Amino acid sequence: MQNDPKQVDCIIIGGGLAGLTLAIQLAKNKRSVLLMEKNSYPFQKVCGEYISMESWDFLESLGANLGELNLPKINQLRVSAHAGFAIESELEMGGFGIRRYTLDHRLAELARETGVEVLENCTALDVELTNGIYSVKATKGTFNATIVCGSYGKIDPSFVERKGHGKGKYIGVKYHIKRSFPDDLIELHNFKNGYCGISKVDDEQYCLCYLTTTKNLNENGNNIKQMEQNVLMKNPFLRTYFSESEFVNEKPIAISQIGFRKKTTCQNHVILLGDAAGAIAPLCGNGMSIAMRSSKILAAHLDDFFTQTITKQELIDRYTKDWNGNFSFRIKTGFYLQKLFGKRLTTLWMLKLLNKTPKLLRKIVRMTHGEKF
Ligand SMILES: Cc1cc2nc3c(=O)[nH]c(=O)nc-3n(C[C@H](O)[C@H](O)[C@H](O)COP(=O)(O)OP(=O)(O)OC[C@H]3O[C@@H](n4cnc5c(N)ncnc54)[C@H](O)[C@@H]3O)c2cc1C
């Protein structure tokens, strides 16, 4: 491949976990990579910050050195219904807690050390393909590449037009808090039209993050505090956490228009990975692992493409087949599970059933998780 300074092997749009881990793998394979991220590291992101253990070895293999961070290992689950009825279970594989502020920053530094050109504060505005060469117009200039990958997350940038994909109806809100809470526990508390998770992360903090509908917020005067007071705090667990914790930042970070489903692996000739290709409902707690695993699958096929073992069409076909085989079922399961949560009676009925059949609960958790990669 040509390494003209103005044409790199691969441009990656979006520097979250999918984009950063793809960039590092390609750079390790001696490919020239330019990664565009619209924010500048480190920055906060709405996310429950519980990563299923399936990703630990992969992150270590890239050089993330997670071991030195003394991260909490989480292997207990508690789920409550609206009025506080709760069930508990062990998590077979479990996970670990780390702030995205810490992890994304660490991976961005690692990407740079590996040779990736990381352009921060750089928003991709348009992608064109002319005579087999991609050209990405961005706020910091126009850049050319042999391949462009899109890892821009759940919300499509303005240059992507997808038919039949309206705006998602969910909002996500996240705080970091300090309080007394077990290191090894993740809790998921239901409230009307939503659920809220809490678990430990790095720096002696706890992530308190919830998902609910835009409608819920609208019905509470578009006021997050009012909604928390009127809706979330009806759950006795959440009443305690919201009223008796030290909030690291008083104001939460929030995102809107989120939807959860499989989208597509290639759009306007851009190969998609992470949430851009399809997002799983957060209650499954493994969107981050799916994002990173998709980067590993794609990196292998890209390597075959760059060594001219396969054509671009074969690259897209093989990646799409692997993506569907690995994630379609998990994302569908998460979609239907999410429908059961948030509704008062359905949630209570389901938790009572799972309380009597712990094997079923373990099976459901297994259906949404993958093996180590
Ligand atoms: C409320 C909530 C809770 C969650 N909790 C968990 C959890 O506990 N565990 C878990 O595993 N998953 C969780 N998830 C899912 C998880 O956050 C995502 O699956 C994961 O972040 C996907 O990574 P990604 O790299 O695909 O996207 P992202 O991490 O969203 O990264 C995309 C990046 O692209 C950048 N970008 C976007 N557009 C452009 C552009 N035009 N130009 C340049 N840059 C751009 C963005 O700034 C962003 O940094 C949760 C999601 C939500 C909504």
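This is a predicted model: local features need pLDDT of at least 70, side-chain atom pairs count only at pLDDT 80 or more; totals for chains, interfaces and linings use all residues.

Q: Which element is alanine 111 found in?
A: Helix 3, residues 100-114.

Q: And what does alanine 111 touch?
A: Leaving out residues up to four places away in sequence, the contacts of alanine 111 are Leu20, Ala23, Ile24, Ala27, Leu35, Val116 and Val118.

Q: OK, so how do helix 1 and helix 3 pack, what's the angle?
A: Helix 1 and helix 3 pack at about 20°, and their axes are 9 Å apart. Since angles under 35 degrees count as roughly parallel, that makes helix 1 roughly parallel to helix 3.

Q: Is that crossing of helix 1 and helix 3 left-handed or right-handed?
A: Left-handed.

Q: Which residues of helix 1 and helix 3 meet?
A: From helix 1 you have Leu17, Leu20, Thr21, Ala23, Ile24, Ala27 and Lys28. They meet Asp104, Leu107, Ala108, Leu110, Ala111 and Thr114 of helix 3. By class, the contact has 9 nonpolar, 2 polar and 2 charged residues.

Q: Switching to the ligand. How many residues are around it, and which come nearest?
A: There are 39 residues around the ligand, and the nearest are Gly14, Gly16, Gly48, Gly274 and Gly287.

Q: Which elements give two or more residues to that shell?
A: Helix 1 (17-28), strand 3 (50-52), strand 13 (206-213) and helix 7 (287-306). Helix 7 has the largest share of the shell, with 4 residues.

Q: How does the shell around the ligand split by class?
A: It has 19 nonpolar, 15 polar and 5 charged residues.

Q: Staying with helix 7, how do its axis and that of helix 8 cross?
A: The axes of helix 7 and helix 8 (residues 312-340) cross at roughly 155° and come within 10 Å. Anything over 145 degrees counts as roughly antiparallel, so helix 7 and helix 8 are roughly antiparallel to each other. Their crossing is right-handed.

Q: Which residues of helix 7 and helix 8 meet?
A: On the helix 7 side, Ile290, Arg293, Ser294, Ile297, Leu298, His301, Leu302 and Phe305. On the helix 8 side, Lys312, Leu315, Arg318, Tyr319, Asp322, Trp323, Asn326 and Phe327. The residues of this contact between helix 7 and helix 8 divide into 9 nonpolar, 3 polar and 4 charged.

Q: And what about helix 8 with helix 10, what's the crossing there?
A: Helix 8 and helix 10 (residues 358-368) have axes that come within 8 Å and cross at roughly 130°. Helix 8 and helix 10 are therefore oblique to each other. Arg330, Thr333, Gly334 and Leu337 of helix 8 make the contact with Ile364, Met367 and Thr368 of helix 10. That contact between helix 8 and helix 10 divides into 3 nonpolar, 3 polar and 1 charged.

Q: Met367 turns up there. What separates the C-alpha atoms of methionine 367 and alanine 111?
A: 32 Å, with the two residues 256 apart along the chain.

Q: And glutamine 7 to asparagine 326, what's the C-alpha separation?
A: Those C-alpha atoms are separated by 32 Å, and the residues are 319 apart along the chain. Glutamine 7 is found in strand 1, residues 7-13. It counts as partly exposed, because it has 18 C-beta neighbours inside 10 Å.

Q: What is phi for lysine 30?
A: Near 65°, a positive value in a residue other than glycine. Lysine 30 is placed in the loop between helix 1 and strand 2.

Note on methods: Residues are numbered from 1 along each chain as its sequence is written. A residue is near a molecule or strand if its C-beta atom, placed from the backbone, lies within 6 Å of it. Ala, Val, Leu, Ile, Met, Phe, Trp, Tyr, Cys and Pro count as nonpolar, Asp, Glu, Lys and Arg as charged, and the others, Gly among them, as polar. Axes are lines fitted to C-alpha atoms, for helices over the stretch in contact, and angles run from 0 to 180 degrees between N-to-C directions. Angles under 35 degrees count as roughly parallel, over 145 as roughly antiparallel, 65 to 115 as roughly perpendicular and the rest as oblique. A crossing is left-handed if the near helix is turned anticlockwise from the far one by less than a right angle, and right-handed if clockwise. Two residues are in contact if their C-beta atoms, placed from the backbone, lie within 7 Å. A residue is buried if 20 or more other C-beta atoms lie within 10 Å of its own, exposed if 12 or fewer, and partly exposed in between; C-beta atoms are placed from the backbone.
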